[in-house]
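Q: I'm new to this one. Can you walk me through it?

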Amino acid sequence: AMSRQAHEALAGGATGAGVVDLAEVWPEMVRDSVAAVGGAQASPEESREKVSGANQKDLLMFAYLAQRAPGTEWACRVETDSYFAPANFRRFVSGRQLSSTDPL
């Protein structure tokens, strides 16, 4: 369901953009606990102690790109509770004259 919503949200202004639900590709991946993402009952101390799959999501995104989308110039990992404006990303990249072929 989240993947479908993300696809619909991007359809309006992200030419060439795609959405991948990593959990569909890797169902065994670590899922964020409610406390890890600052759920209503979680104190800041509890949030830091709970499981978050953020690092794993980054690594799985890179694995996905290497396996299924080699040659992708740019990729952004965006959570379902985040707002992402592709135009702002393009402006950021062009304003700093960044190239996907530049070494890190």
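A short chat about the fold, the core and the side-chain pairs follows.

Q: What should I know before we start?
A: This is a predicted model, where local features need pLDDT of at least 70, side-chain atom pairs count only at pLDDT 80 or more, and totals for chains, interfaces and linings use all residues. Residues are numbered from 1 along each chain as its sequence is written, and side-chain values use heavy atoms, with hydrogens and water left out.

Q: OK. How many helices and strands are in the protein chain?
A: Five helices and zero strands. Along the sequence the pattern reads α-α-α-α-α. Helices (H or I, at least four residues) and strands (E, at least two) are DSSP runs, numbered from the N terminus.

Q: And how much of the protein chain counts as buried?
A: 19% of its 104 residues. Buried means under 20% relative accessible area, exposed means over 50%, and partly exposed is in between (1.4 Å probe, protein chains only).

Q: What about the accessible surface of the protein chain?
A: It comes to about 7900 Å². Carbon and sulfur atoms hold 53% of that. Accessible areas come from the Shrake-Rupley method with a 1.4 Å probe; for residues, only the protein chains shown count as cover.

Q: Now the inside. Which residues make up the largest nonpolar core?
A: Seven of them: L22, A23, W26, M29, L60, M61 and Y64. A nonpolar core is a set of buried Ala, Val, Leu, Ile, Met, Phe, Trp, Tyr and Cys residues joined through side-chain atoms within 4.5 Å.

Q: Which elements give two or more residues to this core?
A: Those are α2 (22-25) and α4. The largest share, three residues, comes from α4.

Q: Let's zoom in. Where does M29 lie?
A: In the loop between α2 and α3 (44-49). M29 counts as buried because its relative accessible area is 8%.

Q: What is M29 in contact with?
A: Leaving aside neighbours within four places in sequence, M29 is in contact with L22, A23, Q56, K57 and L60. Contact means heavy atoms within 4.5 Å. With neighbours within four places set aside again, L60 is in contact with L22, W26 and M29.

Q: How far apart are M29 and K57?
A: They are 28 residues apart in sequence. In space the distance is 8.1 Å, C-alpha to C-alpha.

Q: Is K57 buried or exposed?
A: Buried, because its relative accessibility is 10%. K57 lies in helix α4. Not counting residues up to four places away in sequence, K57 touches L22, M29, D32, R77 and E79.

Q: Switching to charges. How many salt bridges does the structure hold?
A: One. R77 forms it with D58, and the closest N and O atoms are 2.5 Å apart. A salt bridge is a side-chain nitrogen of Lys or Arg within 4 Å of a carboxyl oxygen of Asp or Glu.

Q: Where do R77 and D58 sit?
A: R77 is in the loop between α4 and α5, while D58 is in helix α4. The pair links distant parts of the chain, 19 residues apart. R77 is partly exposed at 31% relative accessible area, and D58 is partly exposed at 27%.

Q: New topic. How many aromatic pairs are there?
A: Two. Rings of Phe, Tyr and Trp (its six-membered ring) pair if their centres lie within 6.5 Å; planes under 30 degrees apart count as stacked, over 60 as edge-to-face and the rest as tilted. W74 and F89 form an edge-to-face pair, with 6.0 Å centre to centre and 75° between the planes. This pair links distant parts of the chain: W74 is in the loop between α4 (54-68) and α5 (86-95), and F89 is in helix α5, 15 residues apart.

Q: How do F84 and F89 pair?
A: Their pair is tilted, at 6.1 Å centre to centre and 50° between the planes. F84 is partly exposed, at 30% relative accessibility. W74, F84 and F89 form one aromatic cluster.

Q: Last one. Which residues form a nonpolar patch on the surface?
A: W74, F92 and L98, with about 270 Å² of accessible area together. Patches are made of residues with over 30% relative accessible area and no salt bridge: like charges are joined within 9 Å, nonpolar side chains (Val, Leu, Ile, Met, Phe, Trp, Tyr) within 5 Å. F92 lies in helix α5 and is partly exposed at 38%.
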